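Open your viewer and get ready to click through a few stops with me. We will begin at the ligand.

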Amino acid sequence: MKQYNIQTQAVHAGESPDPTTGASSPNLVMSSTYVTEADAVFSANDLTPDIPYIYTRWANPTTKQLEKKLAVLENGEAALAFATGMAAITNLFLYLLKPGDHLVMSDVAYAGNVEFVHETLPNFGVEVSFVNMSNLDSVAEAIRANTKLVYVESPANPIMRLTDIKAVTKLAHAVGAEVAVDSTFATPIATRPLDLGADYAIHSLTKYIGGHGDALGGVVIGRAEQINGLRQTVSIHMGGTISPFNSWLIMRGAVTLPLRMRAHEIGALNVAQFLEEHPKVTRVMYPGLPSHPQHELAQHQMANFSGMLTFQVEDGPAMAQQLSKQLKVFHYAVSLGHHRSLIFYLSTENMQRSTFRLSPAGLARYRQFAGDGIFRTSIGIEDPHDLCDDLAQALG
Ligand SMILES: *Cc1c(COP(=O)(O)O)cnc(C)c1O
């Protein structure tokens, strides 16, 4: 598929006519088990990539097609899909990290992930340093001889802070540490972490790649040897297997990812510019705006600025009440990357108490991006004028 443009890859990668029926569209294979030879192997340890299908927790034909498509889109050798983005992340941690190992983790990242690393990973004897990934000196200082993994999220949920993936990878590889990048906000249309040297690209498929808000999923993409190892040692035993139905839905969504990302970007830029002019809005954070503190990095690391933005107002909690009641096109809801626009208020106080637990200096850096709180806004593929009108009438 390498010779084709990403728009063609999104349509065709992983998909081919069914050899027995000629069906042009992918089959949905819901079977949990498969009729095998009498001497079929049964242990995960005997698994090889060419083994026939045995049981869907090991591998499934529909999910295999999705994995092939996602590996091509990220320019990776192999992919392993999971039931959710969190399953993808936690399985990769448990695969790579052992007692005594050190993890350098972005101090701001997806809330569920940060909480897992704070609360559960230490139980496994893993040492963790939380750092501001946008500051290369802090990253260099945090990396040690026993650092096994550097974990990046760019742009970081929810504050839209970017990380220079190529530069961080250079620092990590110098001590033999690997780099994983949660690229959910960017998608392969904006940034391909593996092309920048990272070892793993991770996505919550629930977001842009599925794109329609109707299926949970996650994926880890990387070198075939590592992905096979992940399948064999952790994923089969942890059992966070994606439903083939969700694989089928997400594969269908992934086909239009390049087209949708173009619409998300146009919509987000329109809404960001509208909000920057609005008298009640005090700050807008969108990588595509020159006012974003890392706009220059965004320009060379993101081929598409994606559909995520945040904005701030004087009295966030009161405005959250107002918007949740007044918005007609936007849904006031968590999650992101759907065809439908979504908005949700995250107060800095609540995020600090419940999730991030930043040092005073870290909290000050967080406030540079988020002030007292932000409206995390996921711009869908509706007409941008209708979105601006909806925000105008609701902001008042
Ligand atoms: C939503 C999200 C996740 C978690 O994905 P789920 O599919 O909800 O488990 C991880 N990382 C980022 C950046 C996310 O936005």
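Select Ser204: one of its polar side-chain atoms lies 2.9 Å from an oxygen atom of the ligand, a polar contact, that is, a pair of N or O atoms within 3.5 Å. Thr206 comes next, with a side-chain N or O atom 2.7 Å from a ligand oxygen. On its own the ligand has 380 Å² of accessible area, and the protein covers 93% of that (Shrake-Rupley method, 1.4 Å probe).

Before moving on, please note that this is a predicted model, in which local features need pLDDT of at least 70, side-chain atom pairs count only at pLDDT 80 or more, and totals for chains, interfaces and linings use all residues. Residues are numbered from 1 along each chain as its sequence is written, and side-chain values use heavy atoms, with hydrogens and water left out.

Next, jump to Phe330, in the loop between α12 (316-326) and β10 (331-332). Is Phe330 buried or exposed? Phe330 counts as buried because its relative accessibility is 3%, where buried means under 20%, exposed over 50% and partly exposed in between (1.4 Å probe, protein chains only). Show its contacts (heavy atoms within 4.5 Å): beyond four places in sequence, they include Ile343, Ile379 and Leu391.

Finish at Met30, in the loop between α1 (6-12) and α2 (61-73). Met30 is partly exposed, because its relative accessibility is 47%.

Conventions. Helices (H or I, at least four residues) and strands (E, at least two) are DSSP runs, numbered from the N terminus. A polar contact is a pair of N or O atoms within 3.5 Å; within protein, one must be able to donate a hydrogen and the other to accept it, and residues adjacent in sequence count only if both atoms are side-chain atoms.
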